[in-house]
Amino acid sequence: MNYKIFQICFEDSQIPQVDPILTAFDNTSNERPELREFHSFNRIIDEGFADDLDAWGVFGPRWRSKMRYDAQEIKNAIDDNPNFDVYIFNHARVQNALTMNVWEQGDYFHPGIKQVVRSALTAGGYSTEGLDVVMADSTCYCSYFVATKAFWLEYIAFVKDVKKHLEALTGEDAEIYHGSANYSRDANLNMFPFIVERLFSTFLQMKEYNVYAHPYDYRVYDSQINDFSKI
């Protein structure tokens, strides 16, 4: 399988630091900062960066410190497990133990996110069942996944359609969606970037894709076990 894992670079200084197993994706112009990673998702497709690829992933620049895998482990997992549509490298497995699904977790950090997504999915004629069920191996945060071209095209089309319905929300839903998502790194961001990363898990529940979820080594938490609340 011909694939690449792109690392988005928002600053010039990040480009030379990209692991040689990954491919630097220059987004230093960052024309749509309010979209976060979603802008790069679309550029990679629309500008032909993935034309000759069977599959690809798009990781943010902090993937190493958050995921706690090295690039070789990710590559080995993909190479040793062929014929999957989606490869998940969920760095936040501890969240699975603490919350029912990505939307319950999201409501804790971004109050109201579940409400507005339910309204948008309903307006689009989609099932909202996935908002209220326990998620396990289909869970992924921060878009740490590698997937086939067919998956990416269908997933992006789904997100764009949901975004259309999010933008059309009115009343309290609109106020929540367009207001601050309560993100500590950028208080000006609205809900959209945090909805996108969670729609991935819900989309997987709607479709029948062959999914590989990389086993997580919980020993990465050993050094922090005495201060676990910070995790």
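Helices α6 and α7 sit roughly perpendicular to each other (65 to 115 degrees counts as that), because their axes cross at roughly 105° and come within 8 Å. This is a predicted model, where local features need pLDDT of at least 70, side-chain atom pairs count only at pLDDT 80 or more, and totals for chains, interfaces and linings use all residues. Residues are numbered from 1 along each chain as its sequence is written, and side-chain values use heavy atoms, with hydrogens and water left out.

**The α6/α7 crossing**
- Helix α6 covers residues 113-123 and α7 covers 149-167; helices here are DSSP runs of H or I with at least four residues, strands are E runs of at least two, and both are numbered from the N terminus.
- On the α6 side, Val-116, Ala-120, Leu-121 and Ala-123 make the contact (heavy atoms within 4.5 Å).

- Six strands line up as β2-β1-β3-β5-β4-β6 in an open sheet with mixed pairing; to pair, two strands need at least two DSSP bridges between them.
- β2 (23-26) and β6 (211-213) are the edge strands, each pairing on one side only.
- β4 (residues 86-88) pairs with β6 in the parallel sense over three bridges, and Val-86 stands opposite Val-211 in β6.

**Helices on the sheet**
- Helix α3 (residues 71-79) packs on the sheet, touching β1, β3, β4, β5 and β6.
- The direction of α3 makes about 150° with that of β1; axes are lines fitted to C-alpha atoms, for helices over the stretch in contact, and angles run from 0 to 180 degrees between N-to-C directions.
- α7 lies across β3, β4 and β5, at about 100° to β5.

Technical notes. Parallel < 35°, antiparallel > 145°, perpendicular 65-115°, else oblique.
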